[in-house]
Amino acid sequence: MNISDVYRHSLVIAFDYRVPDPSRVGPLLERKTAALADMGAHHVLVYRSTQEHGRVLVMTGVHSREPVVEVMRSGVLWDWFDSVGMEEIPAIFAGEIIARFDLTEPLRASAEPQVPGVVVAGIVSVDDVAVLTGQLDLAVDRFKSAGIRQMWVFQAFDDSSEVLMLSELDDAASAQRWIENPDVATEWMTHAGMGVYPPLFVGEFDRIVRIDAAH
Amino acid sequence: MYVCLCVGVTSHTVAEAVACGATTSKEVAERCGAGAECGRCRRSVRAIIDSARRGPTLDRVE
């Protein structure tokens, strides 16, 4: 399963939250596939924070079958949060992919699969999304040198200035260096954590749940 | 971001309610509906209120 294929042509619903036992999230999702299918989900990716116990980032790829607000009111999300024991519901990002940067080398057919990297994710408001993506485009060589494998940019439906930035890096050391010394094109990271926006998420891929439309 | 799932209210709408004078989660609920039903979004609402009060600094939503 290529994660890039999941995000391509998708709208995503994402939320970042804390649960007492993050190991329950994946099995829970796998029991909810019928409800997720009704919501229009085709894949759910779960990332676990490597820095804060219990913090989880969930990215749900959704077909655009219904208006986003109706999807979020569908009850599936409430059921989800109830099932993991959450009283407070986090703010939720809903948007679509607007830019993707794949900095990996094409794998030879005989090559070993790449070890999953470390993800760094943030949701922020920027002055100009087009300027941001232009800056990112110009910085790809520097990103590659910094150990970034892939980067996805999602733009929110409810606020065209709001973006979710998701990056995969080679390892934890690369991620930490990058966070501590952000490139000018990724200065947005210094604004993560303001207001309703969660702080930067640093974590690793936990699992992917594929939702069969036949459910 | 969507803050209130019950009524589909976004963080932008809540921020506007705060800019118009709402200083408590109750006042935000009265102005735009966020937090008026199940109330499970009030932490996010308070984060927006606190952020507006303090200005552009880091406010962690724990």
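## Chain B

Read along its sequence, chain B follows the pattern β-β-α-α-α. In other words, chain B contains 2 strands and 3 helices. The model described here is a predicted one.

Chain B has 62 residues, and buried residues make up 52% of them. The accessible surface of this chain comes to about 3,200 Å², and carbon and sulfur atoms account for 49% of that surface. Among the contacts in chain B with a separation of 6 or more, 38% are between residues 24 or more positions apart.

## The interface between chain A and chain B

How many residues of each chain are in contact with the other chain? On one side there are 28 residues of chain A, and on the other 26 residues of chain B. The area buried between the two chains is about 2,400 Å², with 57% given by carbon and sulfur atoms.

The elements of chain A that give two or more residues to the side touching chain B are helix H4 (68-72), helix H5 (76-83) and strand S4 (93-102). H5(A) gives the most to this side, with 4 residues. By class, the side of chain A that touches chain B has 19 nonpolar, 7 charged and 2 polar residues.

## The salt bridge

The rule finds 1 salt bridge across the interface of chain A and chain B. Which residues form it? The side chain of Arg40(B) meets that of Asp82(A), with a distance of 2.7 Å from N to O.

## A residue within chain A

Ser174(A) is located in helix H8 of chain A, which covers residues 172-180. Is Ser174(A) buried or exposed? Its relative accessible area is 5%. A residue counts as buried when this value is under 20%, and Ser174(A) is therefore buried.

Which residues does Ser174(A) contact, leaving aside its neighbours within four places in sequence? Ser174(A) is in contact with Ala146(A), Gly147(A) and Leu169(A).

Technical notes: Residues are numbered from 1 along each chain as its sequence is written. Chains are lettered from A and ligands numbered from 1 in the order in which they are written. This is a predicted model: local features need pLDDT of at least 70, side-chain atom pairs count only at pLDDT 80 or more; totals for chains, interfaces and linings use all residues. Side-chain values use heavy atoms; hydrogens and water are left out. Contact means heavy atoms within 4.5 Å. Buried area is the accessible area (1.4 Å probe) that two parts lose on being put together, summed over both. A salt bridge is a side-chain nitrogen of Lys or Arg within 4 Å of a carboxyl oxygen of Asp or Glu. Ala, Val, Leu, Ile, Met, Phe, Trp, Tyr, Cys and Pro count as nonpolar, Asp, Glu, Lys and Arg as charged, and the others, Gly among them, as polar. Buried means under 20% relative accessible area, exposed over 50%, partly exposed in between (1.4 Å probe, protein chains only). Accessible areas come from the Shrake-Rupley method with a 1.4 Å probe; for residues, only the protein chains shown count as cover.
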